[in-house]
Amino acid sequence: MNKKIPIVMLILLFGLQSFLLQTHATETQQQYDYKSAEFKAVASQFMCTCGCGQDHYACDMAGCTNTDAFKADLIEMMNKGMDKDEIREYYVETLGEEILTAPEKKGFSLTAWVLPFVTLGGAGTGVFFLVRRWTRRSGEIQTSNEEMNVKDEVEEEILSSIIDEERKKYF
Amino acid sequence: MYLLGNASIYIGLALTIYSILVFIIGIKIKKQTLINSGKGGVIAVFICMAVANAVMLYLLATSQFQYEYVSNYTSSELPLFYKLAALWAGNSGSLMLWSFFLTMYTAMIVVSRKMQGNPMVPYISSILLINTLFFFIILGFVSRPFALLDYVPAEGRGLNPMLQNPGMIVHPVTLYLGYVGLAVPFAFAMAALILKNVDDFWIKMTRRWTIIAWLFLTLGNILGGQWAYVELGWGGYWAWDPVENASFMPWLTATAFLHSVMIQERKNMLKVWNISLIILSYALTLFGTFLVRSGVLTSVHAFGDSDLGMYFLIFMGVIVVGAIYVLMSRYHLLKRSAGEFTSYVSKESSFLINNLLLVGAAFAVFWGTIFPLVSEAVRGTKVTVGIPFFNTVQAPILLTMMFVMAVCPLLAWQRSSAKNLRKNFLIPAVLSVIGMILMVTLGIQKAWAVIGYGVIIFLFVTHYLEFYRGVKARRKMTKEPVPIALYKLMTKNRRRYGGYIVHIGIAFITMGIIGSQNYDMETMKTLDIGESIDIKDYRITYERLEQRAEGINDIVYADLTVFKDGKRLGVFQPEKVFYGNWDEPSTEVALHSSIAEDLYMVLSTWDENGTATFIIKVNPMISWLWIGSIMVVIGSVFAIWTGRYQNITPKYTGVMKEVA
């Protein structure tokens, strides 16, 4: 019985996630203008080069000299039927990878994406073995305390503080 | 004034060298008079720096354009407030402010009543003075604040209009206070190691310093975000710019430090790790300064290309190598008293995971920030690492972090039995699953949002239970009314309950981030006068376009009448400001905020015939970011507040030396 509850919860959680991913994937999209979802998906891939530090979707045209033309080009390509990936490949070929707001997920640039998680995984494994070593050491020392009943921590703290206070009062 | 300003810097430099020398000699030959002289020197150095800053403020206020700095960053029509704020608008001025805080902190330690008779003081002071010396050398020979021009310009170049915002005035100051604040625990740690005091005295001694530095770093980042939100007109608050990253990294490692010290205090473990964390945090503040001052990476924060960054890099190298040397030379002492863990599932191990994730997140930020340089070095191709990268990489790490934060309070120290786990986590788990199901049925269906909010519900419930059980336990013994029991519970363990308030604040901030990142709406339309834009429940009607002059600036603004569900909310005026002495115009956003969402209105472009283009956004839950930030401040202040039951500064019990 005890084990069933967490298992059921896990199943529920995973079921819920796959359901969510599905609904997310089938979301309907609107007609596109400069602020439409489709245009956002395309334009936010590219970094504006006017020094605003934003992508071409976010860059406000009034302060920027080149996003205007860039946006027009993007719309033109989208009208020709090119999809997000084709447009990206086109610009990477002509302007280089620097134009993208994030490195590509292939070749050397893949290391940018992967290394943080590899490091975390490695460090996590290290921590696991460390805790195991510490726990074993402690196990050797106090095997008899295996069934030690740990009292609720808050209660213990309150109790000790009250005892302290009482002691101060009387001594 | 020229003489006074320069003299205060060079005399300060000489006094710094003198103080370092007398401290070192005083320690060597154990002569208290030399140590006392050094302490006097510290105060004199502080006075010099205060005078230098005061002189600069006077020059800025009186618009003395013969000074290069004054002419570069101010103009005569600037309001006095912003003239004074130009102190931290440029390289040398901001370094002067930094040095002022550093010398102020050093003087505070030297004169502190609690530090009297503590043999660590000469060591701590020397370490901080070495830092001060670096700044004096920079100010005296590399980036001279009081340099004169060959001529007297009729007018200054003016302050970058982007910086003319109250948020921008406070943001750099709080960040500097945070950066400099981290130097203090670093100096304490080094002094403790040199003195071979390997207990947790230095940690207890610097607890308040570290929390204050952390609080200022937090505030600095939040105020920067708030400024970006209202001033840049892109509707965001965090762009993962290299410089933002540079202040986020020490924040992450300092947060890790604040948690891992608890293991050292309780179990006498992780000593090497804690010292490494504080070295890392301080080194990262210097790394951040290197990024801002070197122009090596493109950033909106850059102070322009100068070789100043190189000096910071070298200084950082010296500090790190020196610190690692001290750490290694005491490694055998630190190693000796390693403790043990009783169980895999305990508060201790959750703190380890917390540290792993926080440092992991810091590494991910670091890696993303320097990847453009790595890529260029390895394959000669430049890449840009922007918002999508950081959002993708950080989201899972930080969300897991939130989960650990939710779980940790209810885990017991030593060992959590299966019974204990079930008792503590069944209710929060059930409630958060119910919450998630409710969200899905109510239409919140994006995976990140549902999981994120689920974790936040879990966090709220576990934290509520922590307060509830504490109060219940107290009342069982004392029969006090609930508010009194709660008050006494919290004030008797300020750090713990202050920490929980901070956690709840962070949860609010996360709510704001998840909501605004996943459910923002945006539209851009060109309107004729009288036409409207409909977005969500809002109708925004364009009434008129006008221009007005303010000093030498011209402001173009539009009147927009906003209705929500047919109810009139009022007239709002988004603006574009054109500056008399600056090329780029700036955007003044019109904002209607509520607890649920912000209506964010930007005037983009317009034509002579009166048509105008507007960008309108609805950003959900932004207010929670600011509410959460206030809670973080309240929690931090609550944690460090000196109360009746606090024993914040313990008595020194380490190695005794003849001088103090």
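Me: Which residue forms a salt bridge with Lys267(B)?

Reply: General idea to begin with: side chains of opposite charge can pair when their charged atoms come close. The rule used here asks for a side-chain nitrogen of Lys or Arg within 4 Å of a carboxyl oxygen of Asp or Glu. For Lys267(B) the partner is Glu348(B), with 3.3 Å between the closest N and O atoms. That pair links distant parts of the chain, 81 residues apart: Lys267(B) sits in helix H10 (residues 242-267) of chain B and Glu348(B) in helix H14 of chain B. Helices here are DSSP runs of H or I with at least four residues, strands are runs of E with at least two, and both are numbered from the N terminus.

Me: What should I know about the model and its numbering?

Reply: It's a predicted model, where local features need pLDDT of at least 70 and side-chain atom pairs count only at pLDDT 80 or more, while totals for chains, interfaces and linings use all residues. Residues are numbered from 1 along each chain as its sequence is written, chains are lettered from A and ligands numbered from 1 in the order in which they are written, and side-chain values use heavy atoms, leaving out hydrogens and water.

Me: Are Lys267(B) and Glu348(B) buried or exposed?

Reply: The scale first: buried means under 20% relative accessible area, exposed means over 50%, and partly exposed is in between, with a 1.4 Å probe and protein chains only. Lys267(B) has 15% and is buried; Glu348(B) is buried too, at 1%.

Me: How many salt bridges are there over all chains?

Reply: The count comes to 17. One of them pairs Glu97(A) with Arg379(B) at 2.5 Å, N to O. Glu97(A) is in the loop between helix H4 (84-95) and helix H5 (110-141) of chain A, and Arg379(B) is in helix H14 (residues 347-379) of chain B, so this pair joins two chains. Glu97(A) is buried at 8%, while Arg379(B) is partly exposed at 33%.

Me: Which residue pairs with Arg548(B)?

Reply: That's Glu575(B), with the closest N and O atoms 2.9 Å apart. Arg548(B) belongs to strand E3 (residues 538-550) of chain B and Glu575(B) to strand E6 (residues 575-578) of chain B, so the bridge ties together parts 27 residues apart in sequence. Arg548(B) is partly exposed at 27%, and Glu575(B) is buried at 13%. Over in chain A, salt bridges with shared partners join Asp85(A), Arg88(A) and Glu104(A) into one network.

Me: Which strand does E2(B) pair with?

Reply: Pairing takes at least two DSSP bridges between two strands. E2(B) pairs with E3(B) in the antiparallel sense, over 4 bridges. Ile535(B) stands opposite Tyr538(B) in E3(B). The two strands form a hairpin with 2 residues between them, and Lys536(B) in the turn has a positive phi of about 50°.

Me: What does H10(B) span from its first C-alpha to its last?

Reply: The expected span is 1.5 Å times one less than the number of residues. H10(B) has 26 residues and reaches 37 Å, close to the expected 38 Å. It's mostly covered, with 24 of its 26 residues buried. Asn268(B) follows H10(B) and has a positive phi, near 60°.

Me: How many helices and strands does chain A have?

Reply: Chain A has 6 helices and 0 strands. Of its 171 residues, 31% count as buried.

Me: Which residues of chain A does UniProt list as "transmembrane region"?

Reply: A caution on such records: positions follow the numbering used here, feature names are shortened, and annotations may be inferred rather than shown by experiment. The unreviewed UniProt entry lists residues 110-131 of chain A. In the model that span is 100% helix and 0% strand, and its end C-alpha atoms lie 32 Å apart.
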